[in-house]
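Hello,

Here is the structure for your files. My notes follow below it.

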Amino acid sequence: MSEFGERLLADTRKKKTPGDYVRSFAFVLVPFLAILFQVYVPRFFGFLGYLELPLLVTIYFALTRRQPIAGVFFGAAVGMVQDSLSQQLIGMYGIVKTLVGYFAASVSMRFDVENPVLIGILSFFFYFFHQFFYWVLDRALLGHMTVFDPQQTFVYGLLNAAVALPLFHLLDKLRVKA
Amino acid sequence: MESFLNRYRNLTVLLVVVAAQLLLLAWQVKTTQDVRLLRVWSVSTVTPVTSALEFIRRNTFGVVGDYFALLGVREENRRLHQELGNLKMQNHFLNAELSTADRVRSLAAFQAQSPSKTIAARIIMSGTAPNSAEVFVDRGTSQGVEKGMAVVTPDGIVGKVVEAYPMASLVLLATDPSFAAGVVSQKNRVHGELRGMGHGNCKITEIQNEQKVDVGEWFYTSGYDRIFPRGFPVGQAAVVRNGNDGKEIFISPSGFQGGLDEVLIVIEGVHQLIPEQAVPSTDIHMMPPPPPDQPTADGPAADMTQGGGTDADRLKSAYKRIGDAQGHVYGEGAAPNFNAKVTGNPPPPAALKSAEPAKPEPADADGGEVHLDQPNYETQEETGATTAPVKTRPQQTKAKSTKPAQTTGGAPRETQ
């Protein structure tokens, strides 16, 4: 294992039982604001339509809680609310975000998720996974002949990762040391 | 078993939650029913906030500008916009009616019919589905909106209501890939299906390559989808080409011009007539119509005018005159000398040849066609419009295409 990897694991072990937690109201308010942003702001600033803030928020809470079960339910809730605000069947976003919440929380148990580089990489990876898995479900379960554009998803993933860094930093302000 | 579940508790919960959502999906697909309760909760939670944000945005944005530009101007502008929208819709209706053959009948029909009943709605937020075009409007079932109603602007169609909630409705825009509507072309009356493409443009499918559609031709709703009343403008064909599965026609939906902020939901649709062929712009250079031919004692013009009728009639009268000059009775004896000169001016062969119909040239950009027995102008109007007096500007030579909704065929035009 590389030195960088060892340091990540060491830091993780050190922070295995995090004493800090996120204020409970943030669990409701932040996803709500993220969804509100997604449905309202791109109307006036169309170029912000690429931002998947509910996904980034899901990743953030899953990473900080480090509890896969919490990540599962949080992702499912955010995804299903997103589903309900569109014409699509309820459960599509729910399933995808459930998986994202679970995997993000699982990753946080092994790595030091305070590292900005890792946050960027994880955000990019989960965005790509989110979009790809949604496309797979859309085709496999619903038979929709939607198109998946890897290049566009790649670029959007990078942009979302770039936004994730300051966003996570901002959300860290909501955390309270126990 | 219990120890197994405890050991893989996280994974078990994940599988249970995913399986539950899969079952929910399967149930929705199989029964085509919806989890309406969850949707109503979500929409009822989010839309008041977005409505409030929209209210704040409307009432705060540009406050300073409003202050200096006199209070009340914005309100007046909004009212005038609304009035203009209504007038545009009335204009569509009137143009459609007036373009029918019988103007009196059209007026009577207009009096008998009332235009579609609509309510104005404001777009308050967009949907969350990826690769789709959906918006929420601030009118719902409490205002009489129902699922499946058409959404339009005075410039054209916008989309249709796919979900109606108490205080808001979800509108699927015409640019969404899953959107479809029946359309018909204005000039050639070709029926097709409008489909969104996920971005600004739409395409029209289900048109065979053999069918004729011109670039610039307008498409209107056909009414056969039972959603959009017949006669609403859809857009103008920007690209027309033959494809493997039929014609590939791309249009830019006219309803989206100028951005979407307020829309009209058609509560009670009234089918309208598709306007007739578009009338070219009044800025076209057209010479004044030629004076009628003077009947002269000799020359081909005499045959053309005196003979009247078709080319065959004119030939017949010419031959009759030859026969009369030679004292010949047709059907008896040998044929007369058709080459003999006839006093009384029989038509020379050249003149007869000139009386043959010329090959019609293809229609110009405005859809005008070259008519026989009329000067071959660069732009020539369709039948019906030719009798209308036109503005003449001898200095100009090119025609400009116009939007048919504004200048519809058959309407009397300005004369100068």
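**What the model shows**

Chain A has a secondary structure of 7 helices and 2 strands. Along the sequence the order is α-β-α-α-α-α-α-α-β. Please keep in mind that this is a predicted model.

Take the chain A contacts with a separation of 6 or more. Residues 24 or more positions apart account for 69% of them.

Chain B holds a barrel. It is closed by 6 strands, in the order β1-β2-β5-β4-β3-β12, with antiparallel pairing. Neighbouring strands of this sheet are turned by 45° against each other on average, direction ignored. Helix α3 of chain B, residues 36-60, packs on the sheet. This helix touches β1 (117-126), β2 (134-137) and β4 of chain B, and its direction makes about 90° with that of β1(B).

One strand pair in detail: β4 (residues 156-164) and β5 (residues 169-173) of chain B run antiparallel and share 5 bridges. Opposite B:Lys160 stands B:Leu172, in β5(B).

Now the interface. Here 29 residues of chain A are in contact with 32 residues of chain B. On the chain B side, the elements that give two or more residues are α2 (9-31), α3, β1, β4 and β5. The largest share is that of α2(B), with 11 residues. By type, the chain B side that touches chain A divides into 20 nonpolar, 9 polar and 3 charged residues.

So much for the notes.

Best regards

Conventions. Residues numbered from 1 in each chain as written. Chains lettered and ligands numbered in written order. Predicted model: local features only at pLDDT ≥ 70, side-chain atom pairs only at ≥ 80, totals over all residues. Pairing = 2+ DSSP bridges. Helix = DSSP H or I, 4+ residues; strand = E, 2+ residues; numbered from the N terminus. Axes fitted to C-alpha atoms, helices over the stretch in contact; angles between N-to-C directions. Contact = placed C-beta atoms within 7 Å. Nonpolar A, V, L, I, M, F, W, Y, C, P; charged D, E, K, R; others polar.
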